[in-house]
There are 2 protein chains.
Amino acid sequence: MALRYALLGLLAKNEATGYELNQQFKETVVHFWMAHHTQIYRELLKMEEEGLATSTTIQQSDYPDKKIYKITDNGFQMLLEWMLNKPVTIPKLKDDLLLRVSMFHFLPAKQAISLLEKSKEHHQMGLMMTKKWREEHFPEGTYGQNELGEYLTSEFGVRYMESWLSWCDWAIEELKKKG
Amino acid sequence: MALRYALLGLLAKNEATGYELNQQFKETVVHFWMAHHTQIYRELLKMEEEGLATSTTIQQSDYPDKKIYKITDNGFQMLLEWMLNKPVTIPKLKDDLLLRVSMFHFLPAKQAISLLEKSKEHHQMGLMMTKKWREEHFPEGTYGQNELGEYLTSEFGVRYMESWLSWCDWAIEELKKKG
DNA sequence: TTCTACATGTAATGAGTTACATGATTAC
DNA sequence: GTAATCATGTAACTCATTACATGTAGAA
């Protein structure tokens, strides 16, 4: 059910096509939720059936036709209800590199370190991109009133990746000690 | 497919029943993977069919019978293969509190803060438990040779929750500024 | 000429969740 | 008498992933 609310949250800011929603997911929502385009299109269809959004099809000559979705009052109400009343719990990570780390005693230190190095590269890349995105969107820490959420979550993203990288360096040191 | 490797990783250390594997999940693996017991039992059956593990049923009089699973050579080979050759990518978070944070511009600051406070409680609790677990299992930072993985991942858990809490405090301050 | 952006989807499969079922024992 | 621990599972359902499909335009 959570994908639905992620989509409602984006639509509450602006009407958009499935394609655009997918772009926005990749750009921002990715710090804490991830969805495939196939899943987004499917969910949008269901949301329309249930009266949470409406769509208008726009004919285009050069490009394929597109469908613009708008949130309904009903959809917005449902979003607020969910935000306030869904019980808060501890989130469930699913990280398959960490899963491998938990079995590092079965691997020679060298190969374990190499896995961590590769993962560091990805996180370094992600960190750079997120920082750049923040600088573009929130120059000098300023943000519009409907950007508060993204301001807070992108800061989370930065901190998360930084803490990941520093843990990684620590773990590499531990592995080197062991030989 | 990852649940399967999580189970193989645990079985590679000790033979165990589905019930025990579920306990171990709750205790340690929970930092980066989560599974329901129903899923664990289903996966174990499949793993046996595919020759990655074998089981022996033990009759008990006072308690229900139990099935002890052992990893096979085949299973262990497959585990190593996966650890080394599965491409390293950036993990996909799914955190539904952060999803709500990303929509905080739709909520009065007071209610937003209250959600963060609730989440802080959960993370504080988790942090305490993990620290306690670490003290019990690794007194003065010492660990057995087949505990390296858990030593590294539980440190990750601690850092993750600490960084979560500190971000949370920062976010609460931001929200207070806005009123 | 190959790749990327545009734009939307179906079908099949795999993974995860919830509800239900059984039934004794022990601790509060 | 209420709940937790031990121990295993089925069935129904929802959610997520991968592969496939279509077709144009413009940039490298």
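Which strands of chain B pair in the antiparallel sense over six bridges? I looked this up before anything else. They are strand 2 (residues 53–58) and strand 3 of chain B. I count helices (H or I, at least four residues) and strands (E, at least two) as DSSP runs numbered from the N terminus, and I take two strands as paired if DSSP finds at least two bridges between them.

**Entry: ground rules**

The model is predicted, and local features need pLDDT of at least 70, side-chain atom pairs count only at pLDDT 80 or more, while totals for chains, interfaces and linings use all residues. Residues are numbered from 1 along each chain as its sequence is written, chains are lettered from A and ligands numbered from 1 in the order in which they are written, and side-chain values use heavy atoms, with hydrogens and water left out.

**Entry: sheet of chain B**

I traced an open sheet of three strands in chain B, with the order 1-3-2 and antiparallel pairing. Strand 1 and strand 2 of chain B are its edge strands, and each pairs on one side only. I then looked at what packs on this sheet. Helix 3 of chain B does, touching strand 2 and strand 3 of chain B, and its direction makes about 55 degrees with that of strand 3 of chain B. Contact here means heavy atoms within 4.5 Å; axes are lines fitted to C-alpha atoms, for helices over the stretch in contact, and angles run from 0 to 180 degrees between N-to-C directions.

I went through the bridges next. Strand 1 (residues 16–17) of chain B runs antiparallel to strand 3 (residues 66–71) of chain B, and two bridges join them. T17(B) has I68(B) as its bridge partner in strand 3 of chain B.

**Entry: sheet of chain A**

In chain A I found three strands forming an open sheet, in the order 1-3-2 and with antiparallel pairing. Strand 1 (16–17) and strand 2 (53–58) of chain A stand at the edges with a single partner strand each, so one side of each has no neighbour in the sheet. Two bridges join strand 1 of chain A to strand 3 of chain A, and I68(A) in strand 3 is the bridge partner of T17(A). I also noted helix 1 (residues 2–13) of chain A, which lies across strand 1, strand 2 and strand 3 of chain A and runs at about 90 degrees to strand 3.

**Entry: relation of the two chains**

By what turn can chain A be laid on chain B? A turn of 180 degrees with a shift of 0.0 Å along the axis gives an RMSD of 0.1 Å. That is the relation of a two-fold axis. The superposition is by least squares on the C-alpha atoms of residues with pLDDT of at least 70 in both copies. The same surface serves both copies, as 100% of the contact residues of chain A recur in chain B. Among the residues of chain A, L93(A) comes closest to the rotation axis, with its C-alpha at 3.2 Å.

**Entry: DNA strand C**

I listed the residues near this strand (a heavy atom within 4 Å of it). There are 18 around DNA strand C, and K67(A), K94(A), M1(B), Q39(B) and R42(B) come nearest. Five are nonpolar, eight polar and five charged, where Ala, Val, Leu, Ile, Met, Phe, Trp, Tyr, Cys and Pro count as nonpolar, Asp, Glu, Lys and Arg as charged, and the others, Gly among them, as polar. Helix 2 (18–27), helix 3 (37–49) and strand 3 (66–71) of chain A, together with helix 3 (37–49) of chain B, each supply at least two residues of this surface.

Of the atoms of DNA strand C within 4 Å of the protein, 58% belong to sugar or phosphate and the rest to bases. I checked individual atom pairs. Phosphate oxygens of DNA strand C lie 2.9 Å from a polar backbone atom of Y19(A) and 2.4 Å from a polar side-chain atom of Q39(B). A base oxygen of DNA strand C is 3.3 Å from a polar side-chain atom of T38(B).

**Entry: DNA strand D**

How many residues surround DNA strand D? I find 20, and the closest are M1(A), Q39(A), R42(A), Y19(B) and K67(B). Helix 3 of chain A gives the largest share of this surface, four residues. A base oxygen of DNA strand D is 3.3 Å from an N or O atom in the side chain of T38(A).

Methods: A polar contact is a pair of N or O atoms within 3.5 Å; within protein, one must be able to donate a hydrogen and the other to accept it, and residues adjacent in sequence count only if both atoms are side-chain atoms.
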